[in-house]
Amino acid sequence: MTQPRRRSVFLGRLSLPERNFVADALRAETVGGVLLLMAAVVALILANTPLSSGYVALRDFHLGPAALHLNLSVADWAKDGLLTVFFFVAGIELKRELVAGELRSPSAAALPVIAAVCGMALPALVYTTVSLSGGGDVRGWAVPTATDIAFALAVLAVIGTALPAALRAFLLTLAVVDDLFAILIIAVFYSARIDFPALGLAVLGLLVFWLLLHKRVCGWYVYVPLALVIWALMHASGVHATIAGVAMGLMMRCTKDPGENVSPAERIEHVVRPLSAGIAVPLFALFAAGVSLSGGAIRGVFTNPETLGVVLGLFLGKAAGVFGGTWFAARFTKAELNPELAWADVAAVACLGGIGFTVSLLIGELAFASNPALADEVKAAVLIGSLLSAVVAATLLKVRNTKYRALCDEEDRDDDQDGIPDVYEADKPEYHLRMAAIFEAKAAEHRRLAELARSGTNGDHGPT
């Protein structure tokens with residue numbers, strides 16, 4: 001007799017090491033996301049007040065050696081230079097997901113990868129349809145395809161939602177896959193004319209970088225200068241310089257050698273992630289998000305085909321793509337949703353996926369580099385589409401916040417006080433013996449207090 005096929009659980013409980021990693025990674029991203037929000041607000045204030053002339057002058061101020069093709073504006077240094085640090089961390093995250101995370105197993109990776117692909121394809125289709133129907137420019141088709149994990153987590157931090165670890169991990173995996181495809185899109189569709197000698201030297205530098213890692217060579221004084229040379233060559237080649245950061249991140253070793261407490265990738269990510277989340281991305285936002293939001297500009301967002309395509313792509317296309325892809329993939333793979341969650345929770349995460357900020361702003365600048373006015377309008381559309389997605393997601397999450405809080409409290413409960421949540425030890429005899437000892441000690445203490453109370457009562461009411 002054949003055994004019935006066992007159904008997998010979608011958004012089930014994470015393993016303890018994976019849960020701890022996700023918690024640490026998202027904690028840093030949440031802090032960075034709050035800084036990102038603050039930087040975006042400051043940029044909008046500067047661009048829409050009498051301070052705008054000084055802001056524009058600073059943003060467009062050029063510095064750097066012209067002989068090396070690096071006489072760039074401050075905004076370009078933030079876009080091409082600082083964002084390389086962000087993409088370096090994204091490369092490490094992707095490598096870890098492929099080696100030890102949700103993407104290491106094809107069966108486990110199927111759901112988040114399909115959801116992410118659908119969550120990129122549908123916004124692109126929405127943008128293209130809206131733009132073509134209005135006679136607009138289709139070069140911005142990729143603008144609404146990316147999810148900004150830091151911005152999404154900042155929304156969670158602001159509304160105080162205790163999202164369960166499985167939903168947070170799903171959101172992180174979506175963003176990692178988004179970043180991978182965004183990187184490929186930038187490299188293939190938004191690179192300038194290629195200078196093959198410079199590109200060849202950049203590839204040679206990457207090969208040296210990999211060999212040094214393979215030979216276990218240590219020392220930041222070796223890798224940092226080499227990374228700067230690789231970045232400069234990649235920038236000179238016409239391929240977007242951030243690709244260098246991704247490539248170096250993907251080369252990092254995520255496994256531990258004997259005698260190592262952590263892998264080199266984990267150690268370096270621990271150092272670089274705060275620089276990315278706390279400095280690089282907020283500074284990029286400060287110089288990229290400063291667009292005019294006058295009444296006419298906002299009306300233009302909802303009337304111009306390009307900008308309307310971005311808003312609808314982020315707000316509708318992203319949510320429908322992520323949710324629809326997840327639902328159909330779950331049906332196809334016979335995966336059962338965690339019984340403690342509901343499809344409404346997946347819908348809320350899908351709406352969070354519509355918060356596209358950092359990479360969307362970057363692609364908008366690259367797509368419409370020859371039309372700065374339209375590029376600014378597209379930036380405003382990214383802000384509005386992301387805001388609409390954030391409001392809807394926050395509303396859905398607030399409705400379920402009591403349920404999330406109960407799930408998180410259960411995940412964090414540690415009654416035996418050994419530093420490991422009890423849900424991960426319920427099948428271990430040692431846990432139950434510790435709990436028995438704790439309850440026996442409490443029972444003994446209550447018996448002692450009962451005897452004291454009894455003797456006190458007798459003393460009060462005995463014969464005089």
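Guide: A salt bridge here is a side-chain nitrogen of Lys or Arg within 4 Å of a carboxyl oxygen of Asp or Glu. This is a predicted model, where local features need pLDDT of at least 70 and side-chain atom pairs count only at pLDDT 80 or more, while totals for chains, interfaces and linings use all residues. Residues are numbered from 1 along each chain as its sequence is written, and side-chain values use heavy atoms, with hydrogens and water left out.

Let us start with Asp-376 and Lys-379, whose side chains form a salt bridge at 4.0 Å, N to O. Both sit in helix H15 (residues 372-399), three residues apart, or about one turn of the helix. Helices are DSSP runs of H or I with at least four residues, numbered from the N terminus. Asp-376 counts as partly exposed because its relative accessibility is 32%, while Lys-379, at 8%, counts as buried. (Buried means under 20% relative accessible area, exposed over 50%, and partly exposed in between, with a 1.4 Å probe and protein chains only.) Through shared partners, salt bridges join Asp-376 and Lys-379 with Asp-76, Lys-79 and Glu-365 in one network.

Next come Asp-178 and Lys-318, which meet at 2.9 Å, N to O. This pair links distant parts of the chain, 140 residues apart: Asp-178 is in helix H6 (residues 165-189) and Lys-318 in helix H12 (residues 305-333). Both Asp-178 and Lys-318 are buried.

Altogether, the count comes to 15 salt bridges.

Methods. Helices (H or I, at least four residues) and strands (E, at least two) are DSSP runs, numbered from the N terminus.
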